Amino acid sequence: MFSYLKRMSKTTKFFVLMIVLDTLIYLMRIKGYYFSLLIPTGNLLLTVLTLVAALTVAFQFKSKVKKYTAICALILLLPIISFNFVLNALLLDYSYSTVRYPSGPQKITIEYRNASLGETHHFYNFYKTTAIPGVSKKINTDLVDIMTRGYVGDDLALLGTDNVKWSKDNNVITFKSSYATTTINFKENKVNANLVKD
């Protein structure tokens with residue numbers, strides 16, 4: 001097997017590496033783990049790199065039929081992928097912010113956006129750092145949703161990032177605002193958002 005890998009061209013090795021990386025990221029996401037640098041870009045960067053790698057491999061085919069078939073297949077995939085990215089950019093336009101632990105280099109990343117249909121829904125996801133550098137774990141399984149009417153302020157202020165309370169052991173963080181109290185338990189990987197009743 002190693003002799004076969006040595007015989008592969010650099011572009012083929014790059015393509016194989018991208019497929020392995022895509023598979024690794026997919027398996028990590030099933031368990032709620034993400035590469036910290038890729039959280040804001042989603043699948044965009046990896047998909048583009050995989051397409052470029054596939055295109056360079058397609059150009060290496062000696063048979064013209066194989067070469068044109070591979071290139072045509074990739075060209076047919078481009079509108080589908082482009083539509084998916086445009087749809088995600090329009091509907092899931094997330095912003096990101098971090099809150100650092102009072103002691104130590106750890107941090108929590110907050111992914112947030114809002115959508116208005118009469119009332120405004122403010123959506124949040126939370127990611128914590130792990131023992132593996134560059135890897136984050138998603139804390140909440142369900143999207144945290146805080147609904148407001150007539151609120152014109154910032155999503156982070158609504159969550160209460162300016163009013164943060166940490167437990168003594170740094171295992172629980174509480175965000176408090178006039179709209180909601182959101183508690184994150186790092187040990188149990190749980191998020192509890194309680195809306196403040198008028």
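The chain holds 5 helices and 10 strands; helices (H or I, at least four residues) and strands (E, at least two) are DSSP runs, numbered from the N terminus. Keep in mind that this is a predicted model: local features need pLDDT of at least 70, side-chain atom pairs count only at pLDDT 80 or more, and totals for chains, interfaces and linings use all residues. Residues are numbered from 1 along each chain as its sequence is written, and side-chain values use heavy atoms, with hydrogens and water left out.

**The chain overall**

- Out of 198 residues, 32% count as buried. Here buried means under 20% relative accessible area, exposed means over 50%, and partly exposed is in between, using a 1.4 Å probe and protein chains only.
- Take the contacts in the chain with a separation of 6 or more: 40% of them come from residues 24 or more positions apart. A contact means heavy atoms within 4.5 Å.

**Nonpolar cores**

- The largest nonpolar core has 19 residues, and I110, Y124, F126, F175 and I184 touch the most other members. A nonpolar core is a set of buried Ala, Val, Leu, Ile, Met, Phe, Trp, Tyr and Cys residues joined through side-chain atoms within 4.5 Å.
- At least two residues of this core come from each of β3 (107–117), β4 (119–129), β6 (144–148), α5 (155–159), β8 (172–176) and β9 (180–185).
- Another core, of 7 residues, lies apart from the largest one, and its members include A54, A58, A70 and L74.
- What does I184 touch, leaving aside its neighbours within four places in sequence? I184 is in contact with I108, F126, I139, N171, V172, I173, F175, K190 and V191.

**Strand β4 and its partners**

- β4 pairs with β3 in the antiparallel sense over 10 bridges. Two strands pair if DSSP finds at least two bridges between them.
- Along that pairing, A115 sits opposite H121, and L117 sits opposite E119.
- The hairpin of β3 and β4 has 1 residue between the strands, and G118 takes a positive phi near 85° there.
- β4 also runs antiparallel to β6, joined by 5 bridges. T120 has T148 in β6 as its bridge partner.

**Strand β2 next to β3**

- Strand β2 (residues 95–100) and β3 run antiparallel and are joined by 6 bridges. Y96 stands opposite E111 in β3.

**The open sheet**

- In which order do the 4 strands of the open sheet come? The order is β7-β8-β9-β10, with antiparallel pairing.
- β7 (164–166) and β10 (190–195) are the edge strands, each pairing on one side only.
- From one strand to the next, the twist averages 15°. The axes behind such angles are lines fitted to C-alpha atoms, for helices over the stretch in contact, and the angles run from 0 to 180 degrees between N-to-C directions.
- Within this sheet, 5 bridges connect β8 and β9 in the antiparallel sense, and K176 stands opposite T181 in β9.

**Helix α3 and V48**

- V48 belongs to helix α3 (residues 44–60).
- Is V48 buried or partly exposed? V48 has a relative accessible area of 41%, so this residue counts as partly exposed.
- V48 and I81 are 33 residues apart along the chain, and their C-alpha atoms are separated by 9.5 Å.

**The cavity**

- Searching the whole structure turns up 1 cavity of 30 Å³ or more. On a 1 Å grid over the protein atoms alone, a cavity is a set of points where a 1.4 Å probe fits but cannot get out, and lining residues have an atom within 4 Å of a point.
- The largest cavity has a volume of about 50 Å³. Grid points are joined across faces, edges and corners, and a volume is the space filled by probe spheres set on the points.
- I25, M28, R29, Y33, Y34, F35, L38 and I39 line the largest cavity.

Definitions and conventions: 1 Å grid on protein atoms, 1.4 Å probe; cavity = no way out; pocket = protein on both sides within 12 Å on 5 of 7 lines; lining within 4 Å.
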